[in-house]
Structures are given as structure tokens and as C-alpha cells.
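This briefing goes through one protein model, from chain totals to single side chains. Please keep the sequence and coordinates open while reading.

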Amino acid sequence: MCQFFINEVIVILALKKGHRPPPNGGILHALEPVIPGWSKEAFDLSASGQAAERRTHKNLRFEDDELNPEYIKQFTEMGVKKEVFDTDHDEGRYRYNVHTPLDIKDGELLPVLYVSHGGMGTPFQAENWGFSELIANERFIAVYANNGGYSNEDTDTEFPRILEAVISNYPVDQSRVYAFGFSSGSDATETAATLWPEKIAACVPAPGSNAMYNSLCRLTEEAYEKCIPLRMPCLFLGGTADYGDRWPFPDEECFENFNIWAEKICKVPEFIPTSLAKSKMIIDISNDPVERAAGLRFPVTYTFEEEEREWYVGEFPDENGHPILKVILAEGLPHVITDAHAPLAWEFLKHWSRAPKTGKLTYTE
């Protein structure tokens, strides 16, 4: 069973422009619920959650000393090598961490996962989300970027800069570059995927709904001009009890942006545009728990249980039945990352590849 993994024991989350604020202002304590339906009972901290608290306590003491041998030893025991770059440049605004398998074989080419931290977060926090625990077995390179600061404000230039540096120094499979980001990092992931789609094979903005607020795509078609001849697989990964990055979408703007993603970026076959009014109707009348949780109609839905809660999955398949656009929502989950996020995201991403020269997208079972 997966364990809950919380960024901090009491998660204090700052918002960047575009996020909907929680009712008590700009700060929310994740273990002190402030809105109806978001309770300690919904986010059960007994059992697996308490184990996450202990692990978080253990690692937080290394945040200002992340090359401490005791901390590095944790990754070494996972079969992972950790390196840190550009820490002295502009007070670390453009730093990034790279995690690779310890035993890279001659001639082996590895996929790259570009991970963007949450608002007021750091690469150190992001590298504790659970992706590095997958590296030795799944064989990939994880890049944890600062993207210019606490709100990932320079992702548009940092993503290509860092990716070029990683390609120059590591054995990279350039057909399998992926992007994941949480909260503010969700916006960073959307930025990278729409401005540099020729370099990214698939993306996971989590919780995803925040990437639909004030999305750069809605401003002008030129913002996603590179996406017009290409196609971007996308997984939105969130929870039903998020405070501001909400599912179902709470306003029309989110649906306008979601329609753009579905129709023009993911290019879902025969996609029928949706709206706030349609979503409310689905929530009221649908017998499908997945559709009620997301406020969307899906061709494919199913559920599974993990971490002592129900997870709702909705898929929009491509012409070959592969999930080109996918939504996964955890029942009662607020604005946090659990240990389920990394394996769920990687399971979606790892099947997709993009030919570097032609941009052709391939799904491998």
C-alpha cells in the first residue's frame, strides 16, 4: 500500500496568479480544514498518513544541507545518484537537481522527467515526492527545477535551458521527455508543454485544474501555436477536496481552457465542447461516480482503491484506444501530493514517445 506523502507536516501553500484563493485568505493549513466537506476525516491521517509525517520530519532537517552525506545516503540506497547545479547563480533562482540511476549501462539512453515544484516550494521538496524511488527500476532521469523562483516564473526559458544542459551531459532518450508539476508547478508544466511541445512526449499537471485558470492558451492562439501540428498527451491528477484548484471546475473560464486542451492540444477525436452549465447537469443527473466527481462526460471510466480511498478515472481515448487525455481524482483529497502520485503519473507518461525530428507521437504498450 502507498503511504501519504505531504510536502510539510502542516502544508502552507502560497498561490500564484490565477489560482483561486481559499476562503481564509492566501494561506491554508492542510491539516486544519477551513471549508465544508474538507475534513480531517476525509484526509485520514491515521495509519499511512502518520508514516508520511515521520518521513517528512526526517528529511526537512536537510533542506538547507541537501548534500549532507546522511541525506545523500537515502538516494544511494535507492540506487540513485543526486547532483545539484547552478546553486550560486542569482541566489539559486536557476538551480536544478538531477537524479539518475547509479548503474547507467554503456549505450543506455534514459527518458527525462522534468519536475516543477509547487508555489513557495523548492527542488528539494519536489525530489521528495516519490519519483526518485522509481528511478532505479524504471530507468529514467529526474530533473527537479527551480524555474526562476517560488512561482516557477521563468519556466518558458528555464525548461529549454536545463533540458539542453541535461542532454549535453547525460545519455538522454530525446524521444521520451516528460513534464510533471504540482500546484504552481502545474502551471509550469502547462507552460513547458504548450511552448515546447516538440520536446515533450506527454505531461501531467497536478491537480491540473489550476492550469485551467487564466491559462495562457486562452489569451491567444499564438500562445500554443507550436501545438497546432502536434499532439500532447495529458493527465490531470488531483483530488475532490482541493481548496482552490477545484474539481469539478468552478467557472466558465476553466471549461473554455479545458476545451482548448481537449480539442487543439490533446486533439481528442470527436470531442464535444463542454461548459459550466453542462458540468452542473452531469453532476446532478449522472449515475457514474467518475463523471460526478469530474463534472465531465468520458467515453471510458473506472475506479480503483488505493491509500484507503477511492480514485476516479476518466479517459478520452485517441483513434487507437490509448488515453490521450486522462483525469484521475482521489476522493476527499485536498491540495497535497501522496505517494500514489508518482507511480500514477509515471504509468501514464512512460508509454508515450515523440520522434525528435518529425514530432510523430507513439504509444507503446
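The model is predicted: local features need pLDDT of at least 70 and side-chain atom pairs count only at pLDDT 80 or more, while totals for chains, interfaces and linings use all residues. Residues are numbered from 1 along each chain as its sequence is written, and side-chain values use heavy atoms, with hydrogens and water left out.

**Chain totals**

- The chain holds eleven helices and twelve strands; helices (H or I, at least four residues) and strands (E, at least two) are DSSP runs, numbered from the N terminus.
- Of its 365 residues, 59% count as buried, where buried means under 20% relative accessible area, exposed over 50% and partly exposed in between (1.4 Å probe, protein chains only).
- Contact means heavy atoms within 4.5 Å; among contacts between residues at least 6 apart in sequence, 68% join residues at least 24 apart.

- Strand β9 (residues 309–317) is mostly covered, with eight of its nine residues buried.
- β9 pairs with strand β8 (residues 300–306) in the antiparallel sense over seven bridges; two strands pair if DSSP finds at least two bridges between them.
- Across this pairing, Glu 306 has Arg 309 in β9 as its bridge partner, and Thr 303 stands opposite Tyr 312 in β9.
- The hairpin of β8 and β9 has two residues between the strands, and Glu 307 in the turn has a positive phi of about 55 degrees.
- β9 also pairs with strand β10 (residues 323–330), in the antiparallel sense and over seven bridges, with Pro 317 opposite Pro 323 in β10.
- Five residues lie between the strands in the hairpin of β9 and β10, where Gly 321 takes a positive phi near 85 degrees.

**Nonpolar core**

- A nonpolar core is a set of buried Ala, Val, Leu, Ile, Met, Phe, Trp, Tyr and Cys residues joined through side-chain atoms within 4.5 Å.
- The largest one has 91 residues, and Phe 180, Phe 258 and Leu 325 have the most contacts inside it.
- Helix α8 (residues 252–265) gives the largest share of this core, seven residues.
- Beyond its neighbours within four places in sequence, Phe 180 is in contact with residues including Leu 113, Trp 129, Phe 131, Val 204, Ile 337 and Ala 345.
- In soluble globular proteins, nonpolar side chains tend to be buried together.

**Aromatic pairs**

- Rings of Phe, Tyr and Trp (its six-membered ring) pair if their centres lie within 6.5 Å; planes under 30 degrees apart count as stacked, over 60 as edge-to-face and the rest as tilted.
- By this rule there are 22 aromatic pairs.
- The rings of Phe 258 and Phe 316 have centres 6.4 Å apart and planes at 55 degrees, so this pair is tilted.
- Because Phe 258 lies in helix α8 and Phe 316 in strand β9, the pair ties together parts that are 58 residues apart in sequence; both residues are buried.
- The rings of Trp 352 and Tyr 363 have centres 4.8 Å apart and planes at 75 degrees, so this pair is edge-to-face.
- Trp 352 lies in strand β11 (residues 352–354) and Tyr 363 in strand β12 (residues 361–363), so the pair ties together parts that are eleven residues apart in sequence.
- Trp 352 is buried, with a relative accessible area of 2%.
- Ring pairs link Phe 236, Trp 247, Phe 249, Phe 255, Phe 258, Trp 261, Phe 271, Phe 298 and Phe 316 into a cluster.

- Lys 82 lies in strand β1 (residues 80–85) and is buried, with a relative accessible area of 8%.
- A polar contact is a pair of N or O atoms within 3.5 Å; within protein, one must be able to donate a hydrogen and the other to accept it, and residues adjacent in sequence count only if both atoms are side-chain atoms.
- The Lys 82 side chain makes such contacts with the side chains of Glu 66 (2.6 Å) and Glu 127 (2.7 Å).
- Thr 338 is placed in the loop between β10 and α11 (341–349) and is buried, with a relative accessible area of 0%.
- The side chains of Thr 338 and Glu 307 are joined by a polar contact of 2.8 Å.
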